[in-house]
Amino acid sequence: MSLSETLPVIDVDVFLSQPEDSEDVRQECKKAADALITYGALLLHDSRVSEEDNSTFLDLVEDYFNQPIAELQKDERPEIMYQVGVTLENTEKPKCAVDEPCLDIIAQLDPAERPLDISGHHPDPKCRFFWKMGTPPPYETQYPALNAPNVVPQDPELKARWEPTMEKWGQAMKDSVTSISEMTAIGLGLNRNTFKEAGKYGPHLLGPTASDLVKYGRKDTILAGFHTDLNFFSIHGRSRYPGLHIWARNTGKRIPVRFPPTGRYLLVQAGKQIEHLTGGLIKAGFHEVVVNEATVQTIEKRKISHPDRPLIRISSTFFWHLSSDYDLVPIPSLKARAQSLLANDAGPAKRGFQETVYEPMKVGKLVQNELKHIALMA
Ligand SMILES: [Fe+2]
């Protein structure tokens, strides 16, 4: 199954080149909002996204994680919950493994559509690096730990390439996801700046993950167990290895993510913050990263085509957050729409989603609650 056949493709170029009230822009914005309501995900096309920048970024992050472990450990910041710098493998647990409503969701999926079994409670064998890309708030924040300074690797060769490469690719993804936030707001009947303003001082993160495919390249290995993301939107560039599966809210089908073979595309997934703010109209999308048959084939091909490169699967991911001090309260018009959607749909839209209550809270509080679940915060 090709993702382009199942997920709508939203053209950001249309939004950027025409007036907000034009019919084309209205339609594209509605398509974005509807895609997020139905699938919790969309593909976007944006001419500002360069495949070459993504490739330069993937090379850098492969080289970084190819360093000895002692070198990587210098970049760990456990005292601030790993919110900047590196998180090494076997630290983060899939939240779902310890979370009952989430296990119910898996139980209600058709057995053929279920994620790989996470019930063994093993932490994920993936590493990650967080590079902060937010604008510090001009006011005193209640959540300073989430706004700590960036870490630059000490190796001179990596250090020289690090910041320009991270900033260039990160900014491209940030620009795209900001446009999608505006398009989604318009498509939901809100002011275009609703989400953009709420995320103005968000602790946005460029957060690539790395999986060692020499150690963890066997078929059916879980690299990141079934989970949702705690931020507002997650945006992904093309990875060199397949293996990301997403679940569309209304179908219960596992969808292997495949980008169109060429072109300027990114994948956007809804996270917990947009779920909360929309009162569940848009649900955070479940996903996993595993070694599937296509991953194994790609590993074998890459050994031949790039014998000198490290065999590490990098995911090119950016996490877009709302400001930590923002009051997260479901928007009344969207909450009402979410309730009528549930009331009028006896089908799979209800799967595991009936009884969620979205208590008002600061965004920073939601993030802290989620981090406790995944074992990154004591
Ligand atoms: Fe994720």
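This is a predicted model: local features need pLDDT of at least 70, side-chain atom pairs count only at pLDDT 80 or more; totals for chains, interfaces and linings use all residues.
Reader: How do strands hold together in a sheet, and which strands form the open sheet here?

Author: In general, strands of a sheet pair through backbone hydrogen bonds, either parallel or antiparallel. Here, four strands make an open sheet with the order β7-β12-β9-β10, and their pairing is antiparallel.

Reader: Which are the edge strands?

Author: They are β7 (222-227) and β10 (254-256), each of which pairs on one side only. Ignoring direction, neighbouring strands of this sheet are turned by 20° against each other on average.

Reader: Let me zoom in on β7. How many bridges link β7 and β12?

Author: Three bridges join β7 to β12 (residues 287-290), in the antiparallel sense. To find one of them, look at A224, whose bridge partner in β12 is V289.

Reader: Now for β11. Where do the side chains of a strand go, and which residues of β11 lie on each side?

Author: The general idea is that in a regular strand the side chains alternate between the two faces of the sheet. In β11, Y265, L267 and Q269 are on one side, while L266, V268 and A270 are on the other.

Reader: Are those residues buried or exposed?

Author: Both faces are covered, with the residues on either side all buried. That makes six of six buried residues for β11 (residues 265-270).

Reader: Which strands pair with β11?

Author: Strand β2 (residues 41-45) pairs with β11 in the antiparallel sense over five bridges, and A41 stands opposite Q269. Strand β8 (residues 233-236) also pairs with β11 in the antiparallel sense, over four bridges. There, F233 has A270 as its bridge partner.

Key
Residues are numbered from 1 along each chain as its sequence is written. Two strands pair if DSSP finds at least two bridges between them. Helices (H or I, at least four residues) and strands (E, at least two) are DSSP runs, numbered from the N terminus. Axes are lines fitted to C-alpha atoms, for helices over the stretch in contact, and angles run from 0 to 180 degrees between N-to-C directions. A residue is buried if 20 or more other C-beta atoms lie within 10 Å of its own, exposed if 12 or fewer, and partly exposed in between; C-beta atoms are placed from the backbone.
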